[in-house]
Amino acid sequence: MKCLLVSDLHYTLKQLDWVDRVATEFDVVVIAGDHLDIASAVALEAQIVVMLKYLKRVGSRARLLVSSGNHDLNGRGEHGEKVARWMTRVRQLGVVTDGDAVDIDG
């Protein structure tokens with residue numbers, strides 16, 4: 001199995017374009033955490049919308065697994081802890097994400 005693992009892209013669109021372009025060369029693409037740039041002039045919600053579009057496109061080209069990182073936290077959980085609420089929207093795209101499990105080829 002050929003796997004691509006990237007992380008800490010921090011809303012760098014040039015790097016996301018590269019991941020999108022090479023995704024078909026891999027059986028599995030893993031984008032692990034820190035998708036957003038918390039220091040950017042671009043609002044987090046706008047970054048999330050763009051990230052969801054990239055994830056949908058990459059997910060149509062290869063099996064995609066996504067996890068959140070500390071820069072992706074945009075809400076609070078039931079116990080007051082910071083959480084990446086937008087990962088539920090990633091899951092709605094059919095992408096395996098935080099809290100999910102997947103078995104690939106046994």
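Leaving aside its neighbours within four places in sequence, which residues is Trp86 in contact with? They are His35, Leu36, Ile48, Met51, Leu52, Leu55, Asp72 and Asn74, where contact means heavy atoms within 4.5 Å.

A word on the source. This is a predicted model, in which local features need pLDDT of at least 70, side-chain atom pairs count only at pLDDT 80 or more, and totals for chains, interfaces and linings use all residues. Residues are numbered from 1 along each chain as its sequence is written, and side-chain values use heavy atoms, with hydrogens and water left out.

The protein has three helices and five strands, taken as DSSP runs numbered from the N terminus, helices being H or I of at least four residues and strands E of at least two. Their order from the N terminus is β-α-β-α-β-β-β-α. The radius of gyration is 13 Å, close to the 13 Å that the globule rule gives for 106 residues, so the protein is as compact as a globular protein of that length. That radius is taken over C-alpha atoms, and the rule is 2.2 Å times the number of residues to the power 0.38. The C-alpha trace spans about 40 × 30 × 20 Å along its principal axes. Of the contacts between residues at least 6 apart in sequence, 67% join residues at least 24 apart.

Now the interior. Buried residues are 38% of the 106; buried means under 20% relative accessible area, exposed over 50%, and partly exposed in between, with a 1.4 Å probe and protein chains only. The largest nonpolar core has 26 residues, and Val29, Ile31 and Trp86 have the most contacts inside it. Such a core is a set of buried Ala, Val, Leu, Ile, Met, Phe, Trp, Tyr and Cys residues joined through side-chain atoms within 4.5 Å. At least two core residues come from each of β1 (3-7), α1 (13-22), β2 (28-32), α2 (44-59), β3 (63-67) and α3 (87-92). The most come from α2, with six.

Where is His35 found? In the loop between β2 and α2. His35 is buried, at 1% relative accessible area.

Last, Thr88, which lies in helix α3. Thr88 counts as partly exposed because its relative accessibility is 44%. From Gln15 it is 73 residues away in sequence and 23 Å away in space, C-alpha to C-alpha.
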